[in-house]
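User: Hey, could you walk me through this structure? I'm new to it.
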Amino acid sequence: MLHSILKSAAVFLLILIGFILILLLPREQEITVFSAFHVEADYPFSFELYKERIQDFTDYILTEKGLGDARSGRPVSEESGIFVMRSIKIILPAFMVSMLLGTLMGALQFYRRKKFTGKLQNFLSWLFSSVPDFFLFIAIQYLLILMMQHGLPHFKLYGHENWYSFLLPLISLSVFPFLHMSRFTSAALENEMGEEYVRTTYAKGLGDFKALLHMLWNCWTPILNQAQLVMLYILSSLPIIEKLAGYNGAGKELLFSISSNDEIKALSLMLPFLFIMFITIIFSQIVKFWLVPKGRS
């Protein structure tokens, strides 16, 4: 267990260093005007320039003894914390919905696999899992606009100011990982059908529901292994969904910081995402270690 945590911490540290090195790649644009109709833009790169940017970044961190102040005059950590807390309202519910309801829906899909409702659920799961989340987000927005034109009470679809502003990004972000967990759980349960303990359960006449409970218990290890994949998907899709929704969270602000060459703020916004990913991995390992006998091996 300790070895796994140390290994995950080492990977986390390597990813953090890699992100900083990528962030500090020279991106300044040089524009050369040859004439009124001939203008060329270039992004010059040299190792000397790269080394100079790394040195400047290191000196800044050491001088400020931290991330310093943002362009608005407030401490970077304080300003980034506001954006991160807005995004947390989307990230955590999306993760819980995907893991808990997705697993439950997968078990239900397996339980009803021979019935019409189970086959219909399988088809809908396959259909919606092939739709990109940004397209789904735009489709939901368009549908709501049409419904407002036909009597639905008007409410604001963009921004972060209202209490319900996080709901549309949350729904859009949850669909794919939710369907992934549903399909994965159903497939994992299907793989357990040939096991000896399943045949024994049926031989004792305990029925489908009891057999499902036994199979679900034995599938916890592969199901929990999906936790980091689900979180990775949510975090990687968050910036584009927040941008489409006009939701001023950490994802949208991260895109803006990178495009405006504000490395310090980009780092302060990326660190919480990496930390959330790290916590997810550690949490899933702890749950597997303490609750799932198979996970201890």
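Analyst: Here is a quick chat about salt bridges and a hairpin. This is a predicted model, where local features need pLDDT of at least 70, side-chain atom pairs count only at pLDDT 80 or more, and totals for chains, interfaces and linings use all residues. Residues are numbered from 1 along each chain as its sequence is written, and side-chain values use heavy atoms, with hydrogens and water left out.

User: Which residue does glutamate 263 pair with?
Analyst: Arginine 53, with the closest N and O atoms 2.4 Å apart. The pair links distant parts of the chain, 210 residues apart: glutamate 263 is in helix H12 (residues 263-291) and arginine 53 in helix H2 (residues 47-64). Helices (H or I, at least four residues) and strands (E, at least two) are DSSP runs, numbered from the N terminus.

User: Are those two buried or exposed?
Analyst: Both glutamate 263 and arginine 53 are buried. Buried means under 20% relative accessible area, exposed over 50%, partly exposed in between (1.4 Å probe, protein chains only).

User: And why does glutamate 161 count as exposed?
Analyst: Because its relative accessibility is 52%. Glutamate 161 forms a salt bridge with lysine 156, at 3.5 Å between the closest N and O atoms.

User: Switching topic: what joins S1 to S2?
Analyst: A hairpin, through two residues. Strands S1 (residues 30-35) and S2 (residues 38-42) pair in the antiparallel sense over five bridges; pairing takes at least two DSSP bridges between the strands. Valine 33 stands opposite valine 39 in S2.

Technical notes. A salt bridge is a side-chain nitrogen of Lys or Arg within 4 Å of a carboxyl oxygen of Asp or Glu.
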